[in-house]
Amino acid sequence: MTAADDDLPAPRGIRQSMASLHTWAGLLLGWILYAMFLTGTVSYFKDELSQWMRPELRRLAQIPDQAVVAQRIADELGKVAAGTSRWSMRLPDARNNSVAAFWLTPTRDAGQRAFGDAYFDPATGRKVASRDTLGGDFFYRFHFQFHYMPVVWGRWLAGAAAMFMLVAIVSGVITHKKIFVDFFTFRWRKGQRSWLDAHNALSVFGLPFHFMITYTGLVTLMALYMPWGERVAFKTPAERQQLAAELSGFIQPGRPSGQKVPLASVADMVRQAQERWGQDNVGRVNAVHPGDAAARVAVTRGEVGRVSLSPQYMEFDGTTGKLLTVRESVGAAAETRGVLYALHLGRFSDLETRWLYFLVSFMGTAMVGTGLVMWTVKRRQKLPDPDHPHFGFRLVERLNIASIAGLSVAMTAFLWANRLLPHALENRADWEIHAFFIVWLLTLLHALLRPAKSAWIEQLWAASALLFLLPVLNTLTTQRPFWHSLSEADWVFVGMDIMCWALALLHAVLAIRTARQRAGGRSRRDIDRRAPNIIASGEVG
Amino acid sequence: MNTLIHRARSTGPLISRIVAALFGGYALAALGSVAVLALPTSKPQAVLIGMLASFAIYAGAVIWVFAVRSALKAWAGLIIVGAPLSLAAWSVA
C-alpha cells in the first residue's frame, strides 16, 4: 500500500487532484471542444444562416398554408422520387423558407447513395434554383461529426470530447472553494489573474447551461455511445422497433402490396393536423410506400412551443386518407430523453430565448478559449528560458492561435466562399467546405511561422477585416444589400449584417488588447511580487 | 537503472489511473446501463434509463479515480461498485 500511496509527489488534497484533472481534461481535447462550442453556438441560427447562404430564395413574408405546400411537394416527390419506398419533407415555418425533403433511392446499386435529397420552393413546388450549398447545416454537422472522416468516427470523437468536458466541469467545480466570491471578483489588467477571473466568471455564470449542454449533447447520441442495454434487452427486430417508436416519428414501413394505388390527399391529412396543433405548427410529413396500396403517412407536430422532441404524430392510411392513430405521448424515460434532446437543440425557442441560448453558448465558447489561453499564460512565467520555451509549450501556444483566432478566420472564409465561388462550379457545396479547411490550415501554418504574439494579432485583425467586409461583399454580389433588407424588414439579412459588424468589433478589440499587452502579461517584477500568492492559493490552471 | 525504477514508480500509478478512468469508467457505465434492465419497468424504458444515466456513472467514476489517494484504491472502488452491477447485469442477460 505504501508504494501506491506515494504515487503522487506529495500528499495532495482533493482540490489539487481535481485541479490537475481539470487542467488536463480541459486541455487534451480543448481545441476540438472549442470548435464544437463555436460551431454549435452559431448553429442556433442554422436556419437563418441557410437563408442567408441561399440569397436567390425569396423571403417568405408570411408562412404559406402548410396543407397546400405539403400537397404540392408530395406531387412533386411523386415525380422526382417515383418508386421510392419512403420520403420525408420538412414544411416551411417561421424560420424556413424552403421545403427540405429526402427519400430512399428506389433502386440501389452498389456505390450509389442510399438517400436522395433536395430543397423545394414552397410557392412553385420545383427544386429551388439556388446556388449549391450546405448552408448552415455545415457548421451544424461539423459540430457533432466533423468532416473528412466517417460519420461514426466523428461522432465518437465528439462524444469523447463531450465526456472530457463533463469531467472538466465537475472537477472544475470541486476545485473551486469560493465559487460565489470569485464570480464577483474581477481584476482588470492583471495578466494571469485577469484570465483566471474571466474564465471563472464565464464558467460560473453559465454553469447550469454548460453542464446541461454537455450532458444533453451526450444524450443526443446515447444510443451510439451506450448500445449495451439495447443489445442485451432486445433479441428481435420487432422488439427493437418498440424502442424506435419511443424515439422517432418515422413509421416503420411494412411490406408493399405491389398493387398501385395513388396517394390520398396529403392536404387533407395536414389540415387535420393543423386543427389539432395549430395552423403553422406542423413539422414533417413522412410517407412509406407512397403509390402502393400499403401506403401510410405520418404528419408530425412542429417543434415550436413544446420542450420535448419526443415523437408526436398522426398516422394515416395512405390510400383512403383515414386517420389510424394519434400518438402524443411516450414512456417516462423516453419523455425525459425527449426533453433533454430538445433542451440541447433549443428549437422550441422563440426569438428571445434563441438569443439567450446563443449568448450563453458564446460564453461557453469563451470559457473554453480562456481556459486554453490560461494554460500558456500560467506556464510562461515558470519557463526556465521564456524566449525558447519547450516543445509542448510551443505546441499548445500555436494550436491555441489556430484553433481560436484561426477558426474565426476560417468560418468567415466559408461565408466568403459562399458568395464568391462561381455558381457553375462542379461540387460547389463541397468546395465551400474545402475553402473553410484550406483557410484553417493556412492559419495553422501562419501560427507556426510567426512569433506567437504577432500571429495572434494578425489573425484577429484578419478575422475582423473579413467579418467587417462581408456585408460589403454581400452588397456587391447579391440583390439584397443592407439598406434594401432594412426597407423590406428582412430581419434575417439585416441581422446577419449587424452580427458581422458586431463580431468584427469584438475581434478588433481583442487584437488591440493583445497588441497592448507586454510579453508575459505584466512586467516581470510585478509577477515576481505576485507569484507567492498564486501558489499559495492553489488555483486552477 | 535506479532512475528508471523511480520513473516507473512515479508514472506507473498515473498510467494505471488513466486506464482506470478511461476504460474502467466506461465499463462501469456500460455495466450500469445493462444492470437497470433488472428494474421492474418495461424494457424500452429501462434501456433508456440505462443510457441516460450512464454518462453520470462514467463521470462519477473518473472523478473517483483521481480523487482517491492511490491508484489501488481507485481500482478497488470501481470493482466494489462493479460487482453488484455485474450480478444484476448477469441476471438479465
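The legends below describe close-up views of a predicted model.

Residues are numbered from 1 along each chain as its sequence is written, with chains lettered from A and ligands numbered from 1 in the order in which they are written. In this predicted model, local features need pLDDT of at least 70 and side-chain atom pairs count only at pLDDT 80 or more, while totals for chains, interfaces and linings use all residues.

**View 1. The two domains of chain A.** An automatic or database domain assignment divides chain A into domain 1 (2-54 + 140-220 + 349-535) and domain 2 (66-132 + 222-344). Taken over C-alpha atoms, the centres of domain 1 and domain 2 of chain A are separated by 36 Å.

**View 2. Where domain 1 of chain A touches domain 2 of chain A.** Here 16 residues of domain 1 of chain A are in contact with 15 residues of domain 2 of chain A, two residues being in contact if their C-beta atoms, placed from the backbone, lie within 7 Å. On the domain 1 side, helix 10 of chain A gives the largest share, seven residues. That side divides into five nonpolar, six polar and five charged residues (Ala, Val, Leu, Ile, Met, Phe, Trp, Tyr, Cys and Pro count as nonpolar, Asp, Glu, Lys and Arg as charged, and the others, Gly among them, as polar).

**View 3. The contact of chain A with chain B.** This contact takes 34 residues from chain A and 35 residues from chain B. Among the elements of chain A that give two or more residues to it are helix 2 (14-28), helix 13 (237-247) and helix 15 (332-345), helices being DSSP runs of H or I with at least four residues, numbered from the N terminus. The chain A side comprises 23 nonpolar, six polar and five charged residues.
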